[in-house]
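Visitor: I would like to learn how to read some local features of a protein model, and I would be glad if you took them one at a time.

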Amino acid sequence: MPATLDDIMENASAALVKMDYLGCESLCLEALARARRERGWAYYTRILLPLQEARRQRRMIAAEGVIRLGTATLTGAPADWLRETPSGATVVTHPHTADTARALDELARAQRLHVEVLFADSDAAATWRLRSFRGPAVTREVPAPPPEWRDRWIKPGKTTPGNARTPADWFIDATEALGDAALVCIDGKTLAPEQRLEALEACLEVVTDHEIIHQRLGDAARSLSLGTPPIPENGA
């Protein structure tokens, strides 16, 4: 028999308990798409909680891995780069493009790796322009990482003398900044509840683990659930 939403989410919960965060995320996304099609907004809201937690854990594992801030000196294909980062985070920069960043991200997902990817439409400037490579076109300028952190593979725990911050801190702050910029694009608009939910879903494509976007998406789904009966608990 076809799996119900409850079946899918039971499997997602089991994956979360087993710390299979990528498996949990995949199942939650499957359930979220189905709840969306069925306009089951109350169920949609509940799915967001384990999804957000799985993505939070994915980001934490990536931040504890190998960090690469800049790809100016990298050659070869994105598949070659992943050999250096079974888990970690990479900021793709010139001479590579947003398409390179997207390919790297897709390969990491296909290989079930805890790897996060950003694209900075920049070279060696003091300011880097972060640019989305998926979802709506969003940009955000941030201070470039210190020169000693750029264009090299950095193992966990690397800091600059006198500076408690790490390359992983820089990466996480950069993702937050880009996600905030995506959110600003819609926060000032007057949208109907379903339009707002659609806009937030698109924002989440820009930075998939952005905490506040998940929360705002939950708020939008709750608004819709007030006027839409929840789908049955058996997922029928």
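This is a predicted model: local features need pLDDT of at least 70, side-chain atom pairs count only at pLDDT 80 or more; totals for chains, interfaces and linings use all residues.

Visitor: Where is Asp151 found, and what is its phi?

Guide: Most residues other than glycine have a negative phi, and most peptide bonds are trans. Asp151, found in the loop between S5 and strand S6 (153–154), has a positive phi of about 55 degrees although it is not a glycine. At 26% relative accessibility Asp151 counts as partly exposed, where buried means under 20% relative accessible area, exposed over 50% and partly exposed in between (1.4 Å probe, protein chains only). Arg39, in the loop between H2 and H3, likewise has a positive phi, near 55 degrees, and with 37% relative accessibility it is partly exposed. As for the peptide bonds, the one from His94 to Pro95 is cis, with omega near 10 degrees, and Pro95 sits in the loop between strand S2 (87–92) and helix H5 (98–110).

Visitor: How do I read a pair of helices, and at what angle do the axes of H2 and H3 cross?

Guide: Two packed helices are described by the angle between their axes and the distance between the axes. Axes are lines fitted to C-alpha atoms, for helices over the stretch in contact, and angles run from 0 to 180 degrees between N-to-C directions. Here the axes of helix H2 (residues 21–37) and helix H3 (residues 41–63) come within 9 Å and cross at roughly 155 degrees. That makes H2 roughly antiparallel to H3, since angles under 35 degrees count as roughly parallel, over 145 as roughly antiparallel, 65 to 115 as roughly perpendicular and the rest as oblique.

Visitor: Which residues make the contact?

Guide: Contact means heavy atoms within 4.5 Å; the residues that make it include Tyr21, Leu22 and Leu29 of H2 and Trp41, Tyr44 and Ile61 of H3. The residues of this contact divide into 16 nonpolar, one polar and four charged, with Ala, Val, Leu, Ile, Met, Phe, Trp, Tyr, Cys and Pro counted as nonpolar, Asp, Glu, Lys and Arg as charged, and the others, Gly among them, as polar.

Visitor: How many salt bridges does the structure hold?

Guide: A salt bridge is a side-chain nitrogen of Lys or Arg within 4 Å of a carboxyl oxygen of Asp or Glu, and the structure holds 23 of them. In one of these, the side chains of Glu211 and Arg59 meet at 3.1 Å, N to O. Glu211 lies in helix H8 (residues 211–225) and Arg59 in helix H3, so the pair ties together parts that are 152 residues apart in sequence.

Visitor: Are Glu211 and Arg59 buried or exposed?

Guide: Both Glu211 and Arg59 are buried. In another salt bridge, Asp80 and Arg83 have their closest N and O atoms 2.6 Å apart; Asp80 is partly exposed at 32% relative accessible area, whereas Arg83, at 64%, counts as exposed.

Definitions and conventions: Residues are numbered from 1 along each chain as its sequence is written. Side-chain values use heavy atoms; hydrogens and water are left out. Helices (H or I, at least four residues) and strands (E, at least two) are DSSP runs, numbered from the N terminus.
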